[in-house]
Amino acid sequence: MRPFDYQRPAGADEAGRLAAEPAARFIAGGTNLLDLMKLEVETPERLVDINGLGLRDIEETDEGGLRIGALVTNGDLSADHRVRHDYPVLARALLAGASGQLRNKATTGGNLLQRTRCGYFYEPTAPCNKREPGSGCGAIGGYNRIHAILGASEHCIATHPSDMAVAMRALDAIVETVKSDGSTRELTLAELYRLPGDTPEKETDLEAGELITAVRLPAPIGGTQIYRKVRDRASYAFALVSIAAAVRLADGKIETARLAFGGLAHMPWRDEAVENLLVGEAPSDALFGKAADTLLSDAKGQGDNDFKIPLVRRTLVAVLREATGSTQQ
Amino acid sequence: MTTLTVNGKRHEVDADIRTSLLDALREHLALTGTKKGCDHGQCGACTVLVNGRRINSCLTLAVMHENDEITTIEGLGQPENLHPMQESFLHEDGYQCGYCTPGQIVSAVGMLGEFKDGWASHASGDLEGKLDLSDAEISERMSGNICRCSAYPNIVNAIRKASETKETA
């Protein structure tokens, strides 16, 4: 691990100022950042430890939702009775991620900003446009079993590894931030994350020194909520494919369908056309098949990960059957 | 200097800022019961309790824990005064080579604390109903601890038996 300057600011303003240079990083739980620093994939010159800033509360908002402090651990968030009762898809996604030890350290803000587990990104001697812009992509034409089938580019085919963020995208969560000049703003997850394009090193819209302070969940949407994660072993593995679903029926027809996907792209994926196709229709396997066709119309396998295309189709049909209480036809 | 409170005792540690909590415990405080396996948070051999919750001590800096209460395997029990979880691993033969065992035991104690606080798991059928500590629940909740000798059946037995004694967590 390279040497670094370590700072413990007393407030968010000071934290932002200290971190407002490209070689500085905030550290919260540190489970991903320190791992990357040991491998010298991350080589920050300064760590700004934000653990003294509070940000550990889960509060009810005026709109009937929840504001989750950025430093609330994944363990505490998954155990919160309001999350379990009102946002079960989020509790399930959290519990499907990592291990008990990691969930007790990993934070809400840090989980959103965790880096891809692409093996080429993790290996400093391999080409990787995300780690070293312009060096090429080892995964294209290489070992790419875990890689993206949607939204990838000729420069990067990495996937975002979070489960939590997939559920938050389905729930229309809002990310609250404070910039290094003290101004605040709010972003949806679609605004927070970027597709790789020709700048895969830039994963989010956040500026240097911009700190995530909270994630806000809108009022509960009810319905049947499911988080289905398909992975290589039963526990403690990243998703090959995952789906966060919140589906509500009225008079035998689908009234609401919120669907977000993990393991498919550089960010938690959501496709309005898929949801619009389902709404107002009676559940059936034919309908679910059309939804999968729409989701996958631009899907592209890279060789090793070709299996993800039929896998996400089957997983989507299974999730929609379960969510609508319909049986195989 | 970094001040650490480990097993109820305060220590001043003169360590490089890059020192992980694991290395501070092992190399500076000679508390070598906590093991270094992968050093990347994948194996769980380095598990300690911080303010009663289990974490991987390899993936955090010592300097980040100046205000915390850290408990290691040495703080749970000693040869002449074993913790009930240690007794249970002995009685059920919950190991082969023993390298992962301190991490398994500390993790199991932390896990039972989470269970008693009503935390659900990925294996729980109902997020809000009554929880039973079935073997499937124990396996899921302990998935952050790897055993290279694959002593899992006896590890699960040891944890289940220990959970049935009152004073474990």
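Reader: What makes the second largest pocket a pocket, and how much space lies in it?

Author: In this predicted model, about 570 Å³ of space lies in the second largest pocket. The term pocket applies because the set of points is open, with protein on both sides within 12 Å along at least five of seven lines. Of its 26 lining residues, the closest to the centre are A:Asn51, A:Arg56, A:Lys105, B:Asn51 and B:Asp68. By class, the lining has 9 nonpolar, 9 polar and 8 charged residues.

Reader: Why is the largest cavity called a cavity, and which residues line it?

Author: The word cavity is used because a 1.4 Å probe fits there but cannot get out. About 100 Å³ of space lies in the largest cavity. Its lining includes A:Gly75, A:Ser78, A:Arg103, B:Trp119 and B:Arg141. In chain A, α3 (74-79) and α6 (100-103) each supply at least two lining residues.

Reader: What makes A:Cys118 a lining residue of the second largest cavity?

Author: A lining residue has an atom within 4 Å of a point of the cavity. A:Cys118 is among the 13 residues that line this cavity, and is one of those nearest its centre. The cavity has a volume of about 70 Å³. Its lining comprises 8 nonpolar, 4 polar and 1 charged residues.

Reader: What makes the largest nonpolar core a core, and how many residues has it?

Author: It is called a core because its buried residues are joined through side-chain atoms within 4.5 Å. The largest nonpolar core has 63 residues, and A:Leu77 is one of those with the most contacts inside it. Among the residues that A:Leu77 touches are A:Ile58, A:Val83, A:Leu90 and A:Met168.

Note on methods:
Residues are numbered from 1 along each chain as its sequence is written. Chains are lettered from A and ligands numbered from 1 in the order in which they are written. This is a predicted model: local features need pLDDT of at least 70, side-chain atom pairs count only at pLDDT 80 or more; totals for chains, interfaces and linings use all residues. Side-chain values use heavy atoms; hydrogens and water are left out. On a 1 Å grid over the protein atoms alone, a cavity is a set of points where a 1.4 Å probe fits but cannot get out, and a pocket is an open set with protein on both sides within 12 Å along at least five of seven lines; lining residues have an atom within 4 Å of a point. Grid points are joined across faces, edges and corners, and a volume is the space filled by probe spheres set on the points. Ala, Val, Leu, Ile, Met, Phe, Trp, Tyr, Cys and Pro count as nonpolar, Asp, Glu, Lys and Arg as charged, and the others, Gly among them, as polar. Buried means under 20% relative accessible area, exposed over 50%, partly exposed in between (1.4 Å probe, protein chains only). Contact means heavy atoms within 4.5 Å. Helices (H or I, at least four residues) and strands (E, at least two) are DSSP runs, numbered from the N terminus. Lists of a residue's contacts leave out its neighbours within four places in sequence.
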